[in-house]
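Let's learn to read a protein model, one feature at a time.

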Amino acid sequence: MTQQLNTQVFAYAKQLADNAFKAHVLAIKGLEQVAELQLAALEKQTQATADFIVQAAEVRDIDALRGLWEKGTSLSREQAESAVSVTKEVVAVAQKTAESLNALLQEQQKATSEAVAAPVAAIKKAAAAK
C-alpha cells in the first residue's frame with residue numbers, strides 16, 4: 001500500500017512540476033512578445049524624434065519655425081496613436097497568455113480530479129469485495 005501511495009505521490013509531483021514548467025514557458029513567451037512590441041515602438045519613436053531634432057537644428061527663419069511647429073504637433077499625435085496601438089497589442093498578448101495559463105490550470109485540475117478519483121474508486125471496490 002505504501003509503494004502504491006509513493007508511486008501516486010511521485011507521479012502527481014512530476015505532473016505538477018511539468019505543468020509549472022509549461023506555465024513558466026508560457027509566461028516567458030508572453031513577456032518576450034511584450035518586450036519586442038515595446039522595443040519596436042521605442043525604436044520608431046526614437047527615430048522620429050531624432051529626425052525632428054535634426055529639422056529643428058536647421059531652422060533659420062520664422063517660416064521654417066512654423067513648419068517645425070506643425071511637424072511637432074503631428075509627431076506628438078502620431079506618437080500618441082502609436083502608444084495606444086502598442087498598448088492594445090500588449091493587452092492582446094497578455095490576454096492570450098492568460099487564456100493559455102487558464103487552459104493549463106483546467107488541465108491540471110482535471111488530471112488531479114482523475115488521479116484522486118481512481119484510488120478512491122479502487123478502495124471502495126476493495127472494501128465492497130470484503
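Q: What should I know before reading the values?
A: This is a predicted model: local features need pLDDT of at least 70, side-chain atom pairs count only at pLDDT 80 or more, and totals for chains, interfaces and linings use all residues. Residues are numbered from 1 along each chain as its sequence is written, and side-chain values use heavy atoms, leaving out hydrogens and water.

Q: How many helices and strands does the chain have?
A: Helices (H or I, at least four residues) and strands (E, at least two) are DSSP runs, numbered from the N terminus. Here there are 2 helices and 0 strands.

Q: What does the radius of gyration say about the chain?
A: The radius is taken over C-alpha atoms, and the globule rule is 2.2 Å times the number of residues to the power 0.38. A compact globule of 130 residues would come near 14 Å, but this chain has 29 Å. Its C-alpha trace spans about 105 × 20 × 10 Å along the principal axes.

Q: Which share of the residues is buried?
A: Buried means under 20% relative accessible area, exposed over 50%, partly exposed in between (1.4 Å probe, protein chains only). In this chain, 12% of the 130 residues are buried.

Q: Is Thr-97 buried or exposed?
A: Thr-97 has a relative accessible area of 15%, so it is buried. Thr-97 sits in helix α2, residues 62-129.

Q: Which residues does Thr-97 contact, leaving aside neighbours within four places in sequence?
A: Contact means heavy atoms within 4.5 Å. Thr-97 touches Leu-26, Ala-27 and Gly-30, with those neighbours left aside.
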